[in-house]
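Please walk me through this structure, one region at a time. Where do I start, and what do the terms mean?

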Amino acid sequence: MACKYIASVIPTIQTQKPYIKTQNRPEKRVSTYKPNIWKYDHLLSLSSQYSEKKYQMEVEKLKEEVVSCKFSKKNDDSTPMATLELVDTIDKFGLSSYFYVQSKIALEKINMCMKSSSSKEEDPYATALCFRLLREHGYHASQDILKELFDSEGEVLTKKVSDMKTLLEFLEGSYLSMDGENLLNDIRLVSIKNLKSLLCTSSDNIDIIFAKEYLNHPSAWRVGWYDVRRHMMFAQQGNNNTNPALLNLAKLNFNIIQATHQKDLKDVIRWWKNLDLVDDLFFARDRIVECFFFAAGIAPEPQHGNIRKWVTKVFQLVLIIDDVYDIYGSLADVQQFTFALDKWDPNEVECLPGCMEVSFRALYHTIQEISAEIDHQQKGSGPSALPYLKQGWVNFCKAMLVEAIWSHEGHIPTLEEYLNNGWISSTVPLLSDYVIYGLTNKITNETLDSSKNFQEIIYLASIIFRLCNDHGTTTAELERGDVASSIICYMQQENVSEDVAREHMESIILNSWKKINYHFNTLSASDREIAKHVINIARMGHVMYQFGDGFGVQDGKTRDQIQINLIEPITI
């Protein structure tokens, strides 16, 4: 599990209460978080007709219609372009699981054709689309496929590729690059330059709207499920040739999965209300809806309800513990809290303020319950989950304690020092444990040992999530009196402006994604399934912090995303 890897790199923290120096910073800071905006009784009253079995039967009919219309032998003479766009539409509509076999066969044929130099598409758009789809589906597509359309000065690309649609395809494909693929890096830079130029001179249309949306946040960095509704809207408004049965299937599938998500959302709201912590934890964030939105982005598939509920509960507890360490607790308090967690003993928090004791006991009992659920799911085979889940929390809280000590002493670490601790406090290693357990039917010691195969992906996803978090929260944290963030660390270390520091963090994020692309391609099919969901945690970092603090500020983009993805069905 993730905790095994962390054990070798996590900063050593004393589990006994050390001598505390005279404080240099205020022991407690003021919380600037606003109260929860969601009406839980209203959300608990949500009822979707699409949970009825008759709609699942309708899905099967539409699937057969699409297969008959688009994948039957009578369509064997369809052009490679038509096949590529069909597979792309299936992916964007969130229907890949329904047509996995058909899409795989189609891409196998296209991949074989691309290996023949005489069969390469001369159309730049088709070539770029083919490259992106092959890479997205795990095929080895060389960047040399694009070489004939581009030179080091960008001249060929500019002449042959001037329309918005084709430039977007080149840009999207460039974000699937790996270390050392300089051609793709050049394509990315030239595509961005030319797209920005076109955006300045073009009137609004579907391609323009899409370009503005994806220019700085490409599909590779986004959660596909939360873009499904947008892609359907673009298909309807763009007057393209989308198959009506495929579009109707996508709408129906979206509403059915939304109904499943609503059921899970109501379950975690009931859990949260039963904990009854809001009045006691006046300083902490009450964000159970945002936490569920976050969890559903990590594992949107209907069969992964356990992962959604576990991650929602864990992340709401993370927000509470984060606020305990950052806002409420004195350094002595959080040292004792960390000591108690390391011992996994509720008696050790009896000396702490009541709200911290309540927080600890909520964490303690919730993790015990989740562990019991996991062990039941595993049917008693393999090692108990509790030691691994506990260690994940110990590692997280020790990393939080390091940050509390920095804040207490007014210490601004170097960027390297900050990230060596910050990737653990990012929560990605902690959350990864629940993802792994949720995706593995039978955990054994061998399974746990084999998880090292994607530990590098967990680390890289952690760096991305940490930097996305800092991008969205640095301003508010400075107002509260927090010291360390990657941006502040780099500004002091290199004596540069905030804008320069933010650009440097963006370059680290870009390079981390390149490394993820490489490591993902080295994994087995079974490991890829787990890694895909871990990578979704990094993607949700972009979603939650792109426009600010998606967990701290509720009345912004995150609220709108919750409305359209979790609450409002599509009209059919």
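Helix 19 crosses helix 24 in a right-handed way. Right-handed means that the near helix is turned clockwise from the far one by less than a right angle, and left-handed means anticlockwise. Helices here are DSSP runs (H or I, at least four residues), numbered from the N terminus.

This is a predicted model: local features need pLDDT of at least 70, side-chain atom pairs need 80 or more, and totals for chains, interfaces and linings use all residues. Residues are numbered from 1 along each chain as its sequence is written, and side-chain values use heavy atoms, without hydrogens and water.

Back to the pair. Two packed helices are described by the angle and the distance between their axes. The axes of helix 19 (residues 428–439) and helix 24 (residues 525–545) come within 10 Å and cross at roughly 145 degrees. Axes are lines fitted to C-alpha atoms over the stretch in contact, with angles from 0 to 180 degrees between N-to-C directions.

Which residues of helix 19 and helix 24 make the contact? Helix 19 brings V428, L431, S432, V435, I436 and L439, and helix 24 brings E529, I530, H533, V534 and I537. Contact means heavy atoms within 4.5 Å.

Now look at E169, in helix 8 (residues 164–174). E169 has a relative accessible area of 7%, so it is buried (under 20%; exposed is over 50%, partly exposed in between; 1.4 Å probe, protein chains only). Beyond its neighbours within four places in sequence, E169 touches Y125, A128, L129 and R132.

Finally, C291 is at 0% relative accessibility, so it counts as buried.

Key: Helices (H or I, at least four residues) and strands (E, at least two) are DSSP runs, numbered from the N terminus.
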